[in-house]
Amino acid sequence: MLAFLRQKQLRRFVIVTASLTGAALLTALLAGLASQFGKYELAAHSSRVALLLALIVLLYALPKLARSLNWRSSYAMHVPNAGLIFGAAILMVTVLALSSGNNLLYLVLAALLATMIVSMISTRLNIRRLTPSVRYPDNIFAGESVPFEITLQNQKRLMPSFSISIDLVEEHQTPNNESKPVEQHAVALAYFPLVPARSHARSRIERMFARRGVYPVTGFILNSGFPFGFVEQRRLIEWHSEIVVYPQPQPLKEFEGLLPMVAGRIENRAKGSGGDLYAIRQYLASDHHHHIDWKATAKTDQLMVREFTREDDWRITLRFDSRKGDPDLAEAEFAEQFERAVTFAASLLTHYIELDAEVRLVMADLDTGFGSGQRHRLDLLRHLAQVAPGEKELPDDDRPQSGIEILLTANRNGLAASSHPSATRVISFEEMP
Amino acid sequence: MNLDRYFIASSYGLLVASFWILSSTRQIDGVSLALFFAALIAGCLIDLGYLRWNVSRRLANGLMIGWLGIAVVEWQMFRASPVVVITHFVLFASALKLLKRKDTRDWLWLYVISFCIVLMSAGMTMGTTFLLLLMFYLLAAISSFVVYEIRRTQQSFLDEVKNQKIVIELWREVNDVRRPLGKPGLAGVLGFSVLALAMILILAGPLFLLVPRVSRNAGRSGPSGLMQGETLSGFSDTVRLGEVAQVKLNPQVVMRVRVTYPRGMAEQQARNNLRWRGVTLDRYDGQGWNNVGPDPTPIRRRGDNFQVEDPNWKHGFTEQQFFMEPLNIHTVFAAPRPVFVSGLPELSRDLGDGLWTEAPGYEKLSYSVYSDTFTPNDAELAEDNSRDYPRSISQRYLQLPEDHDERINQLAAKVTEGARTPIETIRHIELHLKTQYDYSLDLRRVEQGDPVADFLFNTRAGHCEYFASAMVLMLRARRIPARIVNGFQTGEYNSRADVFTVRQSDAHSWVEAYFPQHKWIAFDPTPPAGLSEYDEGFMAWLRQYSEAFEMFWLEEIVSFNTSKQISMLATAQNLASTFQFNASQQWMQWARKFGSWLDAPPSTNDTATGVAKPETPVTARPATDYRPLTAVLIGLAVIGLAFLFNHRLRGRFRSAKPTSVQQSIRFYEEMLRALERSGHRRQPHQTPLEFATAVKLTAVAEITQLYQRARFGQNALTDEESSRVESLLRELKRKNQ
């Protein structure tokens with residue numbers, strides 16, 4: 001629809017400009033002829049009208065042209081080694097032909113020059129009217145292969161496209177290393193030897209992201225050296241998106257030493273009056289009749305009651321303190337510890353959510369609130385994907401403590417002032433295996 | 001056929017094309033070509049997997065170094081030309097590359113070598129086959145490079161993705177239905193190659209014409225020493241009887257001649273008299289003819305021309321343009337009595353009026369001659385019957401050998417009995433030889449001794465040399481100065497190219513006899529059977545067209561030089577000037593008509609006669625009616641302005657409801673703006689539903705649902721729903737202020 005609109009606008013622009021310009025020219029012509037034949041008054045009037053029409057054209061056409069002109073071209077040409085060698089061959093033949101005067105060498109030279117021209121035109125035409133798109137999973141974990149599906153649409157009516165490489169331009173800023181500048185690099189996504197006219201091509205590759213983080217995507221680069229490899233045409237197509245790579249949760253067995261008590265508390269969760277069904281058992285005299293489960297009773301011919309968990313034990317609050325505790329600690333070492341801590345946090349969250357706990361993540365600028373389920377888990381992982389070392393303290397928590405609290409901090413000496421001195425466990429980054 | 005096989009096929013096509021170009025030059029020996037062709041076949045079999053040879057890199061390098069020694073020997077000991085030595089080396093290097101399983105670098109080397117072969121061949125040939133083979137070479141090169149580029153890029157990508165198995169799906173969407181496409185064949189590559197070749201040829205033409213020629217040698221054949229000209233016997237200053245007959249056995253083209261006859265001369269008559277003089281020979285030693293006398297004298301150049309004779313402007317000149325094949329002789333051929341010659345670097349003339357040049361035999365010469373080909377009739381020659389010959393003429397051209405056979409004198413006397421004038425004598429002898437002897441190329445002899453006497457009295461059959469020799473000897477016996485001329489008959493006329501194609505089989509000998517006033521006049525005693533006949537039919541027609549193309553090739557391509565380039569540009573400029581002149585003339589006519597309309601008399605005039613009525617003063621001119629023209633101009637301006645402002649007017653007065661889609665987009669964007677104020681910003685990766693879930697506001701969820709239904713669903717919002725959206729938005733804005 002947008003193309004059609006553009007065409008209509010273009011048509012209107014052309015009609016308006018042509019009509020006004022035609023009128024201006026004819027009027028100017030009339031002025032000239034009238035002056036030639038002595039009709040000075042007519043000439044004067046006609047000149048004024050012509051000038052007025054010309055001004056209107058200028059005021060209308062020029063701004064439109066200026067707005068529609070895209071000064072920044074998305075195409076770039078690059079001459080690889082093969083092109084340089086070909087250029088050298090042209091030069092050599094030119095020297096031979098000019099010095100010898102042999103017309104057959106001139107013929108060869110003309111053919112070589114024509115080949116270079118055809119190469120440049122073909123390369124440009126080859127890469128026009130191509131629309132790439134990419135699909136990848138919403139949830140990507142570090143260290144895991146994920147499929148990237150790339151589709152290329154060739155909108156040209158007649159001409160196929162040959163030898164198209166598609167790269168994805170990503171930026172990468174090391175999350176815990178702000179001093180390192182943002183790197184932009186092109187990642188090879190797909191190669192299509194041939195995409196027929198008016199058709200689509202799709203290919204799939206497996207990618208693995210070694211590190212968690214957010215990878216902003218700024219666009220695609222379509223690259224082709226077709227037909228001869230003497231000239232490479234690159235076309236940048238802007239497309240903004242993000243690839244969020246979550247930290248890869250590890251089995252908690254690796255961290256058993258860190259929180260045996262916590263693990264025990266959770267595994268041996270008390271029975272309570274929480275909302276979650278814990279078990280169905282036989283009726284005891286102390287049970288409230290509201291808890292009788294009539295369905296189970298009917299099935300078993302015995303009076304059965306529902307037993308619920310204790311709500312507060314099903315709640316885990318994970319506080320992540322991203323400050324650097326020891327100022328003398330080397331940056332690289334702290335970065336490593338930080339990454340391990342993030343991985344531990346991700347593993348912890350995953351484990352407890354899988355056990356249907358309600359998990360809450362608190363960081364310097366974030367308090368997710370309690371939540372459960374996969375959606376909440378992915379939400380938390382997304383935050384952990386983006387967390388980076390910082391200077392901010394953890395916020396004070398006015399809410400009454402409920403459930404288990406775990407504080408991950410680099411400050412072993414309590415520099416991270418937890419507002420909950422009764423936190424179940426303070427785990428230092430150094431303790432991470 | 002998969003990509004690899006296609007690549008091998010097109011690469012070998014490229015190599016075969018370059019080999020073919022080289023062999024078409026006929027400058028390289030057959031053994032080398034045969035061995036290289038064998039290497040080509042072996043290489044192809046190796047690449048296809050049928051042979052398991054592999055010349056290792058170390059062995060190849062060693063052999064190439066060894067060949068360098070052979071090259072030196074070839075050059076020094078066998079005196080081979082440097083180009084042949086280099087070509088042998090290049091062929092050998094190519095063969096070594098062919099006899100192994102090739103990787104990318106090897107193919108690149110082979111492409112470079114094939115290109116060098118094409119360049120060398122360009123210096124060794126002038127034929128049209130070069131053009132045709134070059135086109136074939138280009139097609140193969142385009143195809144090879146295209147596939148090479150695809151393979152290289154594909155491999156580079158696979159290396160980057162660590163050789164993952166990549167599967168590509170192709171489909172086309174027709175009316176929103178997906179139709180899978182099969183695996184694309186290589187027809188696209190071949191089709192592109194053909195199209196690219198066509199574009200290259202179209203572009204190469206103008207580029208060839210426009211690239212400046214700066215060398216003095218522009219338009220000449222090629223670098224020195226690359227070509228070996230054909231050796232042609234019978235055209236030196238010593239000719240044994242029978243040499244011309246040997247030449248006549250060869251059908252190869254010697255030259256092409258374009259002739260422009262002088263005005264007033266009947267073309268057929270002129271054509272009948274035309275022969276291409278080569279050498280004249282004056283002394284007969286009983287076995288052959290030779291020229292005695294000093295070396296040819298150089299003729300001084302006057303401007304662009306050499307003046308050979310004082311011109312007789314009475315009859316006009318026959319202009320001849322000669323296009324010579326490379327010949328290893330220095331004879332300059334021309335119609336009898338050349339007056340002006342141009343296009344040669346230098347020119348000399350011998351005592352027998354033969355013309356010579358020192359231009360190298362490998363050159364494809366092109367030159368022009370203006371000749372006085374007027375031949376007086378017998379009546380005029382009869383009046384020229386003086387026997388008072390200059391001493392220089394009588395000394396040279398009445399010579400008879402010491403052991404001259406007396407029977408020839410007797411025969412001459414008998415045949416010319418009753419002739420009163422020299423011309424009658426000449427005609428008698430000519431007629432006698434034409435009618436009493438047979439033409440034959442068979443050189444059998446009956447008796448040893450004078451071959452001419454043997455011909456006249458024993459065999460009574462021979463070829464043109466014998467007839468001409470016999471006539472000369474008989475004329476000299478009758479004390480008429482005569483000489484033999486070796487040259488060529490007119491040749492086969494090609495109407496398509498307007499040239500006479502002269503072949504070696506047209507080689508001919510005839511006689512020139514001396515008249516004091518008219519000087520040397522040609523006579524031909526050879527019977528008609530000895531004159532060339534040319535077949536007709538389809539093959540002749542085909543041959544004519546191919547020669548016409550050859551002529552075009554020689555004139556417009558091979559001989560294209562700076563002056564032709566300037567002439568072409570001047571022609572283009574003239575065309576542009578003519579067009580401009582015609583356009584301005586046309587414009588002036590229109591302007592005059594318009595001016596007369598401006599000054600048109602008022603309607604009270606009698607328009608039929610253009611005479612004013614008596615009561616209307618002629619000098620009074622009422623105002624001219626400009627309304628029609630003004631109306632047209634105003635109309636144009638109005639159209640333009642109307643289009644300019646139309647869309648804005650429509651916008652202002654538009655009362656139609658926005659479409660449902662536009663409505664939905666508008667209220668959704670309003671909602672987003674309202675939420676932004678409270679810090680809820682929708683991220684680019686979030687779908688509307690995800691965002692609504694994240695925000696956790698009922699109003700947002702409801703608005704989002706309605707938005708999705710209105711935007712992507714089939715049903716537009718009802719009025720109640722629209723009102724509901726507006727009230728939700730108001731509530732949201734109030735909460736988020």
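Reader: How many aromatic pairs does a search of the whole structure find, and by what is a pair of aromatic rings described?

Author: A pair of aromatic rings is described by how far apart the centres are and by the angle of the planes. In this predicted model, the search over all chains finds 44 aromatic pairs. One of them joins A:F220 and A:W239, whose ring centres are 5.3 Å apart and whose planes stand at 25°, so that the pair counts as stacked, given that stacking is assigned to planes under 30 degrees apart.

Reader: Which parts of chain A does the pair of A:F220 and A:W239 tie together?

Author: A:F220 belongs to strand β8 (residues 213-224) of chain A, while A:W239 belongs to strand β9 (residues 232-246) of chain A, and the pair therefore ties together parts that are 19 residues apart in sequence.

Reader: Is A:F220 buried or exposed, and what is the relative accessible area of A:W239?

Author: A:F220 has a relative accessibility of 1% and so counts as buried, because the cut-off for that class is under 20%. A:W239, with a relative accessible area of 29%, is partly exposed.

Reader: Which residues form one aromatic cluster?

Author: One aromatic cluster contains A:F86, A:F228 and A:F230 together with B:F7, B:Y12, B:W107, B:Y111, B:F145 and B:Y148. B:F7 also has the charged end of B:R151 over its ring, 4.3 Å from the centre. In chain A, the face of A:F370 has A:R315 lying over it, at 4.6 Å from the ring centre.

Reader: What is the area buried between chain A and chain B, and how is the size of an interface often given?

Author: The size of an interface is often given as the accessible area that is lost when the parts come together. Between chain A and chain B the buried area is about 6600 Å², and carbon and sulfur atoms give 74% of that area. The largest share of the side of chain A that touches chain B comes from helix α4 (residues 103-126) of chain A, with 16 residues. The contact as a whole takes 75 residues from chain A and 80 residues from chain B.

Reader: How many salt bridges and how many residue pairs in polar contact are there between chain A and chain B?

Author: Between chain A and chain B the count of salt bridges is zero, whereas eight residue pairs are in polar contact, with both residues at pLDDT 80 or more.

Reader: How many helices and strands are there in chain A?

Author: Chain A has eight helices and 16 strands, and buried residues make up 48% of its 433 residues.

Terms used: Residues are numbered from 1 along each chain as its sequence is written. Chains are lettered from A and ligands numbered from 1 in the order in which they are written. This is a predicted model: local features need pLDDT of at least 70, side-chain atom pairs count only at pLDDT 80 or more; totals for chains, interfaces and linings use all residues. Side-chain values use heavy atoms; hydrogens and water are left out. Rings of Phe, Tyr and Trp (its six-membered ring) pair if their centres lie within 6.5 Å; planes under 30 degrees apart count as stacked, over 60 as edge-to-face and the rest as tilted. Helices (H or I, at least four residues) and strands (E, at least two) are DSSP runs, numbered from the N terminus. Buried means under 20% relative accessible area, exposed over 50%, partly exposed in between (1.4 Å probe, protein chains only). A charge sits over a ring if NZ of Lys or CZ of Arg is within 6 Å of the ring centre and within 35 degrees of the ring normal. Contact means heavy atoms within 4.5 Å. Buried area is the accessible area (1.4 Å probe) that two parts lose on being put together, summed over both. A salt bridge is a side-chain nitrogen of Lys or Arg within 4 Å of a carboxyl oxygen of Asp or Glu. A polar contact is a pair of N or O atoms within 3.5 Å; within protein, one must be able to donate a hydrogen and the other to accept it, and residues adjacent in sequence count only if both atoms are side-chain atoms.
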